[in-house]
Amino acid sequence: MTHTNFTIFHPAVFVLLGIPGLEAYHVWLSIPFCLMYITAVLGNSILIMVIITERNLHEPMYFFLSMLAITDILLSTTTVPKALAIFWLHAHDIALDACVTQVFFVHMMFVGESAILLAMAFDRFVAICIPLHYKTMLTWPVVGRIAVAIVTRSFCIIFPVIFLLNRLPFCRTNIIPHSYCEHIGVARLACADITINIWYGFSVPIVMVILDVILIAVSYSLILRAVFRLPSQDARHKALSTCGSHLCVILMFYVPSFFTLLTHRFGHNIPRHVHILLANLYVVVPPMLNPIVYGVKTKQIRIGVVHRFFDIMAWCSASSLG
């Protein structure tokens, strides 16, 4: 009988490899990633500023949109700067606590963004299907409770992951073949049974997200039924246009996420660097596109951006003259 000896240890640091197999292209890959990250942060920051400063945007729909923008900034900032440090500075080391923190925020932002999209779908459902009750149903205290519920649910779902990772003994290696830490990738370095990590890491967040998708689908089926019953074509067009940007954002969030999940779970013939590249694109492309979609398709936001632009130009002119 042969016995396999493992050296069990609790590493102070993990080593992130970046995108294994594409090391020679790290510098070139960093350029589009950096540009997309800057666009995501600037676009979402401008969106938040416009929503805060424009009084006609102080409505529940735009409040949820600002929550979505904050979530997008946190999601991309949690992952992209470290990836760029790996690509540019070869800063592969990440402390254990920082790695677990990164895992927590990446997964919490994913679950939180799904819940925000559900809240936005509910807002559109009330506005279009029962518009006479919109002001009485979605009061600011109700909106505040929805926001607290979103944060609380996301925190409670992902918080146990910290304990599931910290309980694990590690052996053989502390090298993570990725550009950022994610739950199952870190758990697979352990030399203990990680069945509970796999079940909890996949089933609980995915079940909650699938539930969100079902509720969003029900909401929009009811919305579309109500829209096509409107007598006026102009009214139908206006109602559909208010939902168009939200539907685009929903598709940009869920389609890549489920595609990434399914390829990671069943695409065993797909090269590892393709999986990791997709995972990196997922945390930066939707955050970059969301403010662009809302800026292009929402008239009030376009007007608000123009107002802020002219205010800044006026301030710059006054400063230069002074």
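Student: Let's start with H90. Is H90 buried or exposed?

Tutor: H90 is exposed, with a relative accessible area of 59%. This is a predicted model, by the way.

Student: Where is H90 found?

Tutor: H90 sits in the loop between helix 2 and strand 3.

Student: And what about the phi of H90?

Tutor: The phi of H90 is positive, about 55°, although H90 is not a glycine. Most residues other than glycine have a negative phi.

Student: Okay, zooming out. What does the chain come to in helices and strands?

Tutor: The secondary structure comes to 11 helices and 5 strands. Of the 322 residues, 45% count as buried. The C-alpha atoms fill a box of roughly 80 × 55 × 35 Å along the principal axes.

Student: What pLDDT does the chain average?

Tutor: The average is 86, and 93% of the residues score at least 70.

Student: Which elements have the lowest and the highest mean pLDDT?

Tutor: Strand 1, residues 8-9, has the lowest mean, at 58, while helix 2 has the highest, at 94. Where pLDDT is low, the predicted coordinates should not be read in detail.

Student: Noted. How do the strands of the open sheet line up?

Tutor: The open sheet is formed by 3 strands in the order 3-2-5, with mixed pairing. Strand 3 (93-95) and strand 5 (175-176) are the edge strands, each pairing on one side only.

Student: In what sense do strand 2 and strand 5 pair?

Tutor: They pair in the parallel sense, over 2 bridges. In strand 5, I175 is the bridge partner of V15.

Student: Changing topic: which residues make the nonpolar surface patch?

Tutor: The patch is made by Y25, V27, W28, I31, L35, W88 and L89, and covers about 850 Å².

Student: Which helix gives the most to the nonpolar patch?

Tutor: Helix 1 does, with 4 residues. Helix 1 (26-53) and helix 2 (60-89) each supply at least two residues.

Student: And where does Y25 lie?

Tutor: Y25 lies in the loop between strand 2 (13-16) and helix 1.

Student: Now salt bridges. How many does a search of the whole structure find?

Tutor: The search finds 2. In one of them, the side chains of R153 and D212 meet at 2.8 Å, N to O. R153 lies in helix 5 (residues 140-166) and D212 in helix 7 (residues 195-227), so the pair ties together parts that are 59 residues apart in sequence.

Student: How accessible are R153 and D212?

Tutor: R153 is partly exposed, with a relative accessible area of 21%, whereas D212 counts as buried at 1% relative accessibility.

Student: What does D123 form a salt bridge with?

Tutor: D123 forms a salt bridge with R124, and their closest N and O atoms are 2.7 Å apart. D123 counts as buried at 0% relative accessibility, and R124 is buried with a relative accessible area of 10%. Side chains of opposite charge can pair when their charged atoms come close.

Student: Back to helix 5 for a moment. Where is W140 found, and how accessible is W140?

Tutor: W140 is found in helix 5 and counts as partly exposed, at 44% relative accessibility. The C-alpha atoms of W140 and P60 are separated by 7.5 Å, with the two residues 80 apart along the chain.

Student: And how far is the C-alpha atom of A127 from that of C243?

Tutor: Those C-alpha atoms are separated by 11 Å, and the residues are 116 apart along the chain. A127 has its place in helix 3 (residues 96-129), where A127 counts as partly exposed at 21% relative accessibility.

Student: Last one: which residues of helix 9 are buried?

Tutor: In helix 9 (residues 272-282), the buried residues are H275, I276, A279, N280 and Y282. Seen down the helix axis, the buried residues of helix 9 fall within an arc of 160°, so they line one face of the helix.

Student: What general rule is behind that kind of pattern?

Tutor: An α-helix has 3.6 residues a turn, so residues three or four places apart point the same way.

Key
Residues are numbered from 1 along each chain as its sequence is written. Side-chain values use heavy atoms; hydrogens and water are left out. Patches are made of residues with over 30% relative accessible area and no salt bridge: like charges are joined within 9 Å, nonpolar side chains (Val, Leu, Ile, Met, Phe, Trp, Tyr) within 5 Å. Accessible areas come from the Shrake-Rupley method with a 1.4 Å probe; for residues, only the protein chains shown count as cover. A salt bridge is a side-chain nitrogen of Lys or Arg within 4 Å of a carboxyl oxygen of Asp or Glu. Buried means under 20% relative accessible area, exposed over 50%, partly exposed in between (1.4 Å probe, protein chains only). The arc is that of the directions from the helix axis to the C-beta atoms. pLDDT is the predictor's confidence in each residue, from 0 to 100. Two strands pair if DSSP finds at least two bridges between them.
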